Every structure is written in structure tokens, then in C-alpha cells.
Amino acid sequence: MFKHMLVAFDGSENAKRALNVAIDLAKRYEAKLDIIEVVDTSIILGAGIGPVPPDVIESLYNKAKADVEGAKKQASDAGIKVEGVIVEGDPATAVMDYASKNGVDLIVTGSRGLSTIKRMFLGSVSSRIIHEAKIPVLVVK
């Protein structure tokens, strides 16, 4: 049924629960699993603090890289064919774009991630994915 799954990951507890479910499903369906973390620099850029120091951007990428590497190891240790990806942009848009460009047939996401302030104003990432994705979405609480 599902041959290529994607889990949206940000290192939060919700994302870790989503990863566990995605690994279980990938095992069950013998599917490939892509773990994607989106570096959302618009939060910093939109804060109006002027030019963003390169070390701030670098620290966001370093966190994302560590998150994805840990998640990849967990999936790989479970015998899953896994790929880790870090992209920059709006999280919901980036996840859906990646899914459509890479033949993903199921998106797995946590019900909420690390971005609480942004969610209050713009609506949650998972909510946008549920409403706008053209493929099935599994939200893990």
C-alpha cells in the first residue's frame, strides 16, 4: 500500500512519537522512509532584528543535522531504508513540496512541534499539511 513515506521531524517529543509510528509502518509495508527537517529562517527574518548573524543560521542547521542523524540511525537500526533531508523554508510548504517531488505516498507528522508562537498566529504546520496535502497524512498525537 505505502512504498515511500515521509516523516516531518523537528526533534520535539511529538516528532519523536511520529518517527516511532513511521518506523513501525515502514517496517510493516517494507517502505522507504524519508526524514525531513525544515529550517525555518523566516521566524528569525520576520522578527525584524536586522541582518541575521551567520552563526545563528549555522546553529539552526547544526541542530537540524543532529536531529536528522539521530532519527536516521533509529530507523536504520530498525532495518528501514532511510534518507535524511534538511531543507529551508516554510515548514508545511517545504514538506508538501518534497513529498510531491519525490513520489511520497504518506506523510507522517506530529500534532505539534517546537513552533508554538508561530502556530498561534499562522495555524499549525500539521493543520496546513492535513488540509493542503494531496496524499494521505497521518497525524500522531
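Biologist: Which residues are linked with K32 in a network of salt bridges?

Modeller: In this predicted model, K32, D34 and E83 are joined in such a network.

Biologist: What makes the contact of K32 with D34 a salt bridge?

Modeller: The side chains of K32 and D34 come to 2.9 Å, N to O. The cut-off is within 4 Å, so the pair is called a salt bridge.

Biologist: Why is the contact of E83 with K32 given that name as well?

Modeller: The closest N and O atoms of E83 and K32 are 3.1 Å apart, and a salt bridge requires a distance within 4 Å, so the term applies. This pair links distant parts of the chain, with E83 in strand β3 and K32 in strand β2, 51 residues apart.

Biologist: Why is K32 called buried?

Modeller: K32 has a relative accessibility of 19%. Buried means under 20%, so K32 counts as buried. D34 is buried too.

Biologist: Why is E83 described as partly exposed?

Modeller: The relative accessible area of E83 is 35%. That value lies between the limits of 20% and 50%, so E83 is partly exposed.

Biologist: How do you know that R128 and D90 form a salt bridge?

Modeller: Their side chains meet at 2.7 Å, N to O. The limit is within 4 Å, therefore the contact qualifies. Here R128 belongs to helix α6 and D90 to the loop between β3 and α4, 38 residues apart.

Biologist: What are the relative accessibilities of R128 and D90?

Modeller: R128 has 23% and D90 has 29%.

Technical notes. Residues numbered from 1 in each chain as written. Predicted model: local features only at pLDDT ≥ 70, side-chain atom pairs only at ≥ 80, totals over all residues. Heavy atoms only, no water. Buried < 20%, exposed > 50% of the residue type's maximum accessible area, 1.4 Å probe, protein only. Helix = DSSP H or I, 4+ residues; strand = E, 2+ residues; numbered from the N terminus.
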